[in-house]
Amino acid sequence: MSDAALHDHDVRLSACPACDAAPLAQRVAAGAGAHEDIILSLPTIYCATCISDVERALHAHPGVKTARVNLTLRRVTVDAPGLSAEDLIPVVERTGYEAHELDPAALSASRADRIGRDILMRIGVSGFAMMNIMILSVAVWSGAEAATRDMFHWISGAIALPTVVFAGQPFFSSAWRALKAGRLGMDVPISLALILASAISVYETIHSGHHAYFDAAVMLCFFLLIGRYLDYRTRAVARSAAEELTALEVPRAFRVTPAGDEPVPVAELVPGDLIRILPGARVPADGEIAQGTSEIDRSLLTGESVPVPAAPGAVLSAGEVNLTGPLILRVTAAGRDSSLARLTALVAAAESARGHYTSLAERASRLYSPLVHLLAFSSFLGWYWTTGDLRHSVNVAAAVLIITCPCALGLAVPAVVTAASGRLFRRGMLIKDGTALERLADVDCVVFDKTGTLTMGVPQVVSIEAIPVGMRPVALALAQGSSHPLSKALAQALRDAGATTVELEDLREVPGYGISGRWQGHEVRLGRADWLGADHGAGKISASWLSLGEGAPIRLEFTDRLRPGAESCVRELLASGRRVVLLSGDVAPVVQELAQRLGLAEWHAGVTPTEKAATVRELRVAGAHVLMVGDGLNDTAALAEAHVSISPASALDAARVASDIVLMGNDLSPVSDALETARGARSRIKENFAISVLYNIVAVPFAIAGLATPLMAALAMSLSSICVTLNALRLR
Amino acid sequence: MEILGILIPVSLGLGALGLLAFVWALRGRQYEDPKGDAERILSKEWDDRPKP
């Protein structure tokens, strides 16, 4: 458990994408010479036909050597020397399935596979040994005597000793690490029980004793390894899905050179480079616009929902999105120096402030390990004191260690976490951190970001009533000519209202201002107020203006569309008595309107990233367990500061890394369910602890009294493990 | 009881055979895509000859 936590901590500390980008670029550069398989993500495949369709299409494509679909991971690996992902994506998409390029360097699948196979192998070996030893043990329990019993013990020992050495390795090495660090983890008593049980059984066998615990030692390995495997699986599934999200964003920039544009990894950019940013692309580095005008969406960085105009000389930060016109940017800071990296440094600081959360399993093992050792040692002393029989005293101590051994304890947490995160995964939530579920169960205060979290960050026309019905086709034709989000929203609304389009002459987009065309001799325009000679007024709500040649320009207002499930999620959270706060970097009127629509009393507008983190910290200091839900760079510090955090899959990479849970779908309603599932999981974990303690309370007195038999140890161990697993499965 | 001399090695041998099969399957990467393999068996595509 503690190792897992440490490991996760390492992963979380690499929250700085810019720091990751450098080694990533090196790996990409190193791999450039050698031929690499192309990996495509296929999110929509689900059946046998899908597999053969995709594979057949790829095999038929010239240059493809082999293509293998992995349905579990929803990926296809293609060996096609000389071809690139851009060549293959259309081939797959022609068969009707979505395909996205994955960056193979960002996927560490092979290493993870090896660890998984390693644990499976140990489970297989100990399972084989356990079954064979059980066959022999049943004979001993049912009364095999003298020479027969000794022979059975010898054969059991011959199978058990190598098995314990091989299958017990994960426990031995982890116990050794714990001891070196001066701790008593769960693995120290496990290793001690394994060693003591094997040693005493060998001794008893040599002296043809009645009881040998070979079966118990191997069974212990088997059950505990299953717990380890479940634990590993849960984290591996989450990690591979999280890696896939990162791998989907292949970090590339287009550098302008005399010979034309060349695509380069973002990490290779240096200040002074000129890069081209196409409309719709994310700005890869900080810089100053050298050429071109456009509008910039800064919502991920500041939470502002209104795009801002950008002209030569304007300063852009990495992470912003270019909307309308192509831009050429002179890089001023890249990689470590960019504002993106500086913000992620804030995240790292907040991370270390949150400190190390002590999981339920750790608390249980802290209580448990000393108790078990004390119990075994005192029963040894007691027996030696009263009888003076060393052999019998050691026997009793070994029996106590075996009976109390945390078979069920080792399964109690992983089984529940596997069941609960499997359930949440099916509902579209990805648990990245091992202890996130437990922390989620503590939550009593939920902080939401606005743009991109409660809202989609996609505008929606308030009403198209202002446009005369006869003019709607013209408006649609204008709106269709631009890829600006407001135009797209207008076009969608008009199409929904049943408008058809007309031909316009001389249609052209003026980046940063709008779009104009000629219709029946009039000039028609759609765009910014000042461009159309209208007064925008004081309101900060997004608006676009439509001029149809005659009369005054028409004002079209836009609001941000609510994320599906946002209303019901907030309602359920409020109904469950939790405090809900809205923190947004956007201007007050917009935030107020949303807060009223959702029935939220607590909201703050115009909050800077540092203030967000500070607000969350204040709440935490005041004793609240805060769940932060956010997607932007301006939220990352707050996400890391909170007790537990969730970000949608559409969030920026840095925000996803900083959060514990990623919401895969668009719907926000799983958030409130997740809180309930987490509560359920926590009570299951506690019940599981209670069950295993109960078994111990029943069996330990027998062991201390010297009445424990190997049969009793085997029964207690398997029954408690099965009870705990069944109890965990109730969560599914 | 002489029969034990045959039965015990036989049972151990059968168990070891199972273990070997498991190790072979594990080495052959047959646990990589359990969902896909469950679906692939339904496809008729490679019924008459193995996939090259």
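Where in chain A does G428(A) lie? This residue sits in the loop between helix 14 (407-426) and strand 14 (429-431) of chain A. Keep in mind that we're looking at a predicted model.

**Two spots inside chain A**

Is G428(A) buried or exposed? Buried means under 20% relative accessible area, so G428(A), at 16%, counts as buried. Setting aside residues up to four places away in sequence, G428(A) touches V662(A), L663(A), M664(A) and G665(A). T709(A) is another story: 281 residues separate G428(A) and T709(A) in sequence, and their C-alpha atoms are 48 Å apart in space.

Now take N727(A), which belongs to helix 25 (residues 710-729) of chain A. N727(A) has a relative accessibility of 8% and therefore counts as buried. What does its side chain pair up with? The side chain of N727(A) makes a polar contact of 2.8 Å with that of N688(A). Beyond its neighbours within four places in sequence, N727(A) is in contact with R684(A), E687(A), N688(A) and I691(A).

Here are the two residues again, in brief:

| Residue | Where in chain A | Relative accessibility |
|---|---|---|
| G428(A) | loop between helix 14 and strand 14 | 16% |
| N727(A) | helix 25 | 8% |

**Where the chains meet**

On to the interface. Chain B puts 25 residues in contact with 29 residues of chain A. Between them the two chains bury about 2,200 Å², with 62% of that on carbon and sulfur atoms.

How many salt bridges does the rule find across the interface of chain B and chain A? There are two. One salt bridge joins the side chains of R68(A) and D37(B), at 3.8 Å from N to O.

On the chain B side, helix 1 (3-27) and helix 2 (34-40) each supply at least two of the residues that touch chain A. Helix 1 gives the most, with 11 residues. By type, the residues on this side of chain B split into 11 nonpolar, four polar and 10 charged.

**A look at helix 1 of chain B**

Helix 1 of chain B is 25 residues in length and spans 36 Å from its first C-alpha to its last, close to the 36 Å expected at 1.5 Å a residue. Its buried residues are L4(B), I8(B), L19(B), V23(B), A25(B) and L26(B). Just past the end of helix 1, R29(B) has a positive phi of about 55°.

Technical notes. Residues numbered from 1 in each chain as written. Chains lettered and ligands numbered in written order. Predicted model: local features only at pLDDT ≥ 70, side-chain atom pairs only at ≥ 80, totals over all residues. Heavy atoms only, no water. Contact = heavy atoms within 4.5 Å. Buried area = accessible area lost by both parts, 1.4 Å probe. Salt bridge = Lys/Arg side-chain N within 4 Å of Asp/Glu carboxyl O. Helix = DSSP H or I, 4+ residues; strand = E, 2+ residues; numbered from the N terminus. Nonpolar A, V, L, I, M, F, W, Y, C, P; charged D, E, K, R; others polar. Buried < 20%, exposed > 50% of the residue type's maximum accessible area, 1.4 Å probe, protein only. Expected span 1.5 Å × (residues − 1). Polar contact = N/O pair within 3.5 Å; in protein donor to acceptor, adjacent residues only side chain to side chain.
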